[in-house]
2 protein chains.
Amino acid sequence: MSLRHALLGLLAIQPSTGYELTRSFERSLGSAWHAGHSQIYPELIKLEEAGLVEVVGEGARRSRTYGLTSSGREELRLWLVVAEPSRSQRNETLLRWFLLAQLTPADRRAALERELRFVEQERSTLERLWDHHVASGQDHPFGPTLDFGRRYHDLALDWLREQLTAAQDVGTTGTEDTEPRSTA
Amino acid sequence: MSLRHALLGLLAIQPSTGYELTRSFERSLGSAWHAGHSQIYPELIKLEEAGLVEVVGEGARRSRTYGLTSSGREELRLWLVVAEPSRSQRNETLLRWFLLAQLTPADRRAALERELRFVEQERSTLERLWDHHVASGQDHPFGPTLDFGRRYHDLALDWLREQLTAAQDVGTTGTEDTEPRSTA
DNA sequence: TAACGCATGTAATACGTTACATGATTCT
DNA sequence: AGAATCATGTAACGTATTACATGCGTTA
């Protein structure tokens, strides 16, 4: 039940509307957790019924701004410090990377090049955000997160480039270029 | 629908029973995707009905070994090379790390120390697996995966240690140790 | 023969995605 | 006035988790 705690975490940073939370998932928390508005609005109502959040303001277009209650803050603390973490992950990108070895060298090169372009794109987006963060001089709560993302993408780029080099060596040293790595 | 492709990928490495696939998720693919046996057995039946896998052998205790059919191999190829990837992720551990900034410095230190112990443990397990892999001289399909995991864990250790140092500085330079970073 | 690990299955519940649906406000 | 964006909601469907359930084969 991590959606609940992701919402509490975002509301601990600042009170927000469901709409703003939806964008925070896309912009700040996307690499750790994903949720769309159709999940967020019902969950906010459940959190309110449970007394963990409360409406702290209403604005234009029927919007409600939610904030943490003290028991919401305590629940977040318990989850982060006391509760036994669940370590299970789902990362479709990583799944793809780990299965690329099953392709022919030609297919593998094509797939690796697509992944490289994707990661390069993401990396440069993060660099722009990072520059902006540094220039602002603000101690934004997602500063460390941004830095982690930059380093992760650098690692991913190195690894993908090595895999691509390895796949190119196979394809240019006389080995058949159309045979799978393992004929199983 | 990545479970389907994760299974096809594992069966591309070698034909396996549902039980073996369950363990592969724990041991090899755990950092990319998770699935338990109660999901795997029904999915294997659906894959068989769809003609993507077939029973290639039966063993003791009613076990069936499944292998890829040629259309299963083609489906895997299409997914890896042609299909538009879905990039959404869920990583509860990362979610926790990104929300730690919302805790008091004391709580944050406690949580970071727990995370450090966990990652150190994982890292040493990977090192043992890596040593074994290198010693075996075999070109195992999860060799690159293992290497990625080692580097990722090194990055995570660096980052966590930096966060811990920062949290300790806050707690030892006269600042209140029991106040949240942001009083929101 | 008891315990353990292998091997499979299903039912109930919870969680997540996609599609449908509506209306308010701002900008051009 | 029309388009874009803000802002919320729900229904149907698909996926995942937890708990329950059974039986075979090996080893101590």
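**View 1. Backbone and side-chain atoms of chain A at the phosphates of DNA strand D.** In this predicted model, a phosphate oxygen of DNA strand D lies 3.4 Å from a backbone N or O atom of G18(A).

**View 2. The protein surface near DNA strand D.** There are 19 residues around DNA strand D, and those that come nearest are Y19(A), Y41(A) and R64(A) from chain A, together with S38(B) and Q39(B) from chain B. Of the atoms of DNA strand D that come within 4 Å of the protein, 65% belong to sugar and phosphate. At least two residues of this surface are supplied by each of α2 (18–27) of chain A, α3 (37–49) of chain A and α3 (37–49) of chain B. Sorted by class, the surface near DNA strand D is made of eight polar, six charged and five nonpolar residues.

**View 3. The interface of chain B and chain A.** In this interface, 66 residues of chain B are in contact with 66 residues of chain A. The size of an interface is often given as the accessible area lost when the parts come together. Between chain B and chain A the buried area is about 6700 Å², and carbon and sulfur atoms give 57% of it.

**View 4. Salt bridges and polar contacts between the chains.** Six salt bridges are counted between chain B and chain A, and a salt bridge joins the side chains of R151(A) and E162(B), with an N to O distance of 2.6 Å. Across the same interface, 28 residue pairs are in polar contact, with both residues at pLDDT 80 or more. Elements of chain B that give two or more residues to the side touching chain A include α1 (2–13), α4 (70–82), α6 (105–136) and α7 (143–171); α7(B) gives the most, with twelve residues. By class, this side of chain B holds 34 nonpolar, 16 polar and 16 charged residues.

**View 5. The paired β3 strands of chain A and chain B.** Strand β3 (residues 89–91) of chain A and β3(B) run antiparallel and are joined by three bridges. Within this pairing, Q89(B) in β3(B) stands opposite N91(A).

Conventions:
Residues numbered from 1 in each chain as written. Chains lettered and ligands numbered in written order. Predicted model: local features only at pLDDT ≥ 70, side-chain atom pairs only at ≥ 80, totals over all residues. Heavy atoms only, no water. Near = heavy atom within 4 Å. Polar contact = N/O pair within 3.5 Å; in protein donor to acceptor, adjacent residues only side chain to side chain. Helix = DSSP H or I, 4+ residues; strand = E, 2+ residues; numbered from the N terminus. Nonpolar A, V, L, I, M, F, W, Y, C, P; charged D, E, K, R; others polar. Contact = heavy atoms within 4.5 Å. Buried area = accessible area lost by both parts, 1.4 Å probe. Salt bridge = Lys/Arg side-chain N within 4 Å of Asp/Glu carboxyl O. Pairing = 2+ DSSP bridges.
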